[in-house]
Amino acid sequence: MKFDLMGYLRRAGEMVALDLHTRQGLLSPERLEALAASFLDHLRAGLKEN
């Protein structure tokens, strides 16, 4: 993997899926879940402002 953390947003019908990938052992599964939740919160807030 080229980067420490990579994220992909993908459309799945009417939904959007977020996939996070990281170097093995760099972040715990709990930390990845927290980062994903935080990112999605910011994304939702940004979409509401527009």
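Predicted model: local features only at pLDDT ≥ 70, side-chain atom pairs only at ≥ 80, totals over all residues.
The chain's strands S1 (residues 5-12) and S2 (residues 15-22) run antiparallel and are joined by eight bridges, one of which pairs Leu-5 with Thr-22 of S2. Two residues lie between the strands of this hairpin, where Gly-13 takes a positive phi near 70°.

Side chains of opposite charge can pair when their charged atoms come close, and the structure holds three salt bridges. In one of them, Asp-4 meets Arg-23 at 2.7 Å, N to O; this pair links distant parts of the chain, since Asp-4 belongs to the segment before S1 and Arg-23 to the loop between S2 and H1, 19 residues apart. Asp-4 is partly exposed at 44% relative accessibility, and Arg-23 is likewise partly exposed at 35%.

Arg-10 takes part in two contacts: its closest approach to Asp-19 in a salt bridge is 3.3 Å between N and O atoms, while its charged end sits over the ring of Tyr-8, 5.1 Å from the ring's centre. The structure holds zero aromatic pairs.

In helix H1, Asp-41 and Arg-44 lie three residues apart, about one turn of the helix, and they form a salt bridge with closest N and O atoms 3.3 Å apart.

The surface also carries a nonpolar patch of Leu-9, Val-16, Phe-39, Leu-43 and Leu-47, with about 450 Å² of accessible area together. Helix H1 (residues 29-49) gives the largest share of this patch, three residues. Leu-47 has its place in H1, and it counts as exposed because its relative accessible area is 59%, where exposed means over 50%.

Key. Residues numbered from 1 in each chain as written. Heavy atoms only, no water. Pairing = 2+ DSSP bridges. Helix = DSSP H or I, 4+ residues; strand = E, 2+ residues; numbered from the N terminus. Phe/Tyr/Trp six-rings, centres within 6.5 Å; stacked < 30°, edge-to-face > 60°. Lys NZ or Arg CZ within 6 Å of the ring centre and 35° of its normal. Patch = residues over 30% accessible without salt bridge, like charges linked within 9 Å, V, L, I, M, F, W, Y side chains within 5 Å. Areas by Shrake-Rupley, 256 points an atom, 1.4 Å probe, with all protein chains shown as cover. Salt bridge = Lys/Arg side-chain N within 4 Å of Asp/Glu carboxyl O. Buried < 20%, exposed > 50% of the residue type's maximum accessible area, 1.4 Å probe, protein only.
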